[in-house]
Amino acid sequence: MRLCSIASGSSGNCIYVGDDHTHLLVDTGISKKRIEAGLHHLGVKGDEVDGILITHEHIDHIQGLGVFSRKFGVPIYATAGTVAGICACNSIGKMPEGLLNVVETDSDFCLGEINVHPFAISHDAKEPCGYRMEKGEAKVAVATDLGFYDEYIVDNLQGLDALLIEANHDVKMLELGPYPYPLKRRVMGEKGHLSNESSGRLLSSILNDKMKGILLGHLSKENNYEELAYETVKLEITMGESGYRGEDLPLMVARRDTVSEIITV
């Protein structure tokens, strides 16, 4: 399998997961043109995409969903709450019958040769989830927009070969930044986003010797920057009790406007 970020950040998110026969997108929060350009970089055409997995209905995760899925007839998979949120979003437009498919957290389903496991996350959306995807022994996951993590999240992220995980903000930058106080509370709350420090601590709980790539994603444009997220997460891992050192890990930052390195597992 391959994992690649086409775009990741507070302004738009779109992640590719696939193999030679099955091509999936996790979220389509950028324009159809940018999605197609990212897929072209991967040698995949829009009409070859087998499914779109939506984590939740916020616009930075569904902006291009209507146009892309209608043009290529790509089925969409999301929880019931997220489907309701998509249908309530006027900018998405009317979706043809049969494209929207409801999935349940903790209930696996297959798309082509890839087994998909949705798991619940804490965020201020109707019914958000992350996704773990497996083919044979290969396992990858996408986990962003996490207000907090607990043992359930840790269990769902065990044994991975590759992961895109949220490192949204630096706490001090957020506290001192321009956001109004209610928004600061929302971002730092249990239905908000993971800080760099929390991301590093979560990673320390799930690291294993077969990890081939870790992408730090969904960085805030206003309250974070790449070098800070990278160095903070590395330091948290090194200072933790996992036994791993941050500098020894295949750690990268997923950018908002650039296709990431392709992680092959």
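This is a predicted model: local features need pLDDT of at least 70, side-chain atom pairs count only at pLDDT 80 or more; totals for chains, interfaces and linings use all residues.
Let's start with strands β8 and β9. Six bridges join β8 to β9, and the two run antiparallel. Strand β9 covers residues 129–135.

Strand β7, residues 109–111, pairs with β8 over three bridges, in the antiparallel sense. Here Cys-110 has Asn-115 in β8 as its bridge partner. The two strands form a hairpin, with two residues between them. In that turn, Gly-112 has a positive phi of about 60°. How covered is strand β8? Mostly: five of its seven residues, in the run 114–120, are buried.

Next, the open sheet. Seven strands form it, and the order is β6-β5-β4-β3-β2-β1-β14. The pairing is mixed. What happens at the edges? There we find β6, residues 100–102, and β14, residues 263–264. Each has a single partner strand, so one side of each is left without a neighbour in the sheet. As a reminder, strands of a sheet pair through backbone hydrogen bonds, either parallel or antiparallel. Take β3 and β4 as an example from this sheet. They run parallel, joined by three bridges. Leu-24 stands opposite Gly-51 in β4.

On to helix α3, residues 65–72. Which of its residues are buried? Leu-65, Gly-66, Phe-68, Ser-69 and Phe-72. What do they pack against? Three strands are in the list: β3 (23–26), β4 (51–53) and β5 (76–78). The helices are α1 (32–41), α2 (59–62) and α4 (80–87). Just after α3 comes Gly-73, with a positive phi of about 65°.

Stay in that region for Ile-54. Ile-54 sits in the loop between β4 and α2. Buried or exposed? Ile-54 is buried, at a relative accessible area of 0%. Now its contacts, leaving aside neighbours within four places in sequence. Among them are Asp-27 and Thr-28, then His-61, Ile-62 and Leu-65. Leu-65 is also one of the buried residues of α3. Further along the chain, Ile-54 is in contact with Ile-76, Tyr-77, Ala-78, Thr-82 and Ile-86. Cys-129 and Tyr-131 are on the list too. One distance for Ile-54. Thr-79 is 25 residues away in sequence, and 8.2 Å away in space, C-alpha to C-alpha.

Compare that with Gly-38, in helix α1. Gly-38 is buried as well, with a relative accessible area of 1%. Which residues does Gly-38 touch, leaving aside neighbours within four places in sequence? Ile-6 and Val-259. Gly-38 and Leu-65 are 27 residues apart in sequence and 15 Å apart in space, C-alpha to C-alpha.

Now some backbone angles to check. Most residues other than glycine have a negative phi, and most peptide bonds are trans. Two aspartates here are worth a look. Asp-106 has a positive phi of about 70°, although it is not a glycine. Asp-106 is found in the loop between β6 and β7. Its relative accessible area is 42%, so Asp-106 counts as partly exposed. Asp-145 has phi near 55°, again positive in a residue other than glycine. The loop in this case lies between β10 (138–143) and α5 (151–156). And the cover? Asp-145 is buried, with a relative accessible area of 1%.

Last, the whole protein. How many helices and strands are there? Nine helices and 14 strands. The radius of gyration is 17 Å, close to the 18 Å that the globule rule gives for 265 residues, so the protein is as compact as a globular protein of that length. Along the principal axes, the C-alpha trace spans about 50 × 45 × 30 Å. Buried residues make up 57% of the 265. Take the contacts with a separation of 6 or more: residues 24 or more positions apart account for 66% of them.

Then the surface. The accessible surface comes to about 11,200 Å². Carbon and sulfur atoms hold 49% of that. For charges, we have 25 positive and 39 negative. Their mean positions are 6 Å apart.

Methods:
Residues are numbered from 1 along each chain as its sequence is written. Side-chain values use heavy atoms; hydrogens and water are left out. Buried means under 20% relative accessible area, exposed over 50%, partly exposed in between (1.4 Å probe, protein chains only). Helices (H or I, at least four residues) and strands (E, at least two) are DSSP runs, numbered from the N terminus. Contact means heavy atoms within 4.5 Å. The radius of gyration is taken over C-alpha atoms; the globule rule is 2.2 Å times the number of residues to the power 0.38. Accessible areas come from the Shrake-Rupley method with a 1.4 Å probe; for residues, only the protein chains shown count as cover. Lys and Arg count as positive and Asp and Glu as negative; His and the chain ends are not counted. The place of a charge is taken as NZ of Lys, CZ of Arg, CG of Asp or CD of Glu. Two strands pair if DSSP finds at least two bridges between them.
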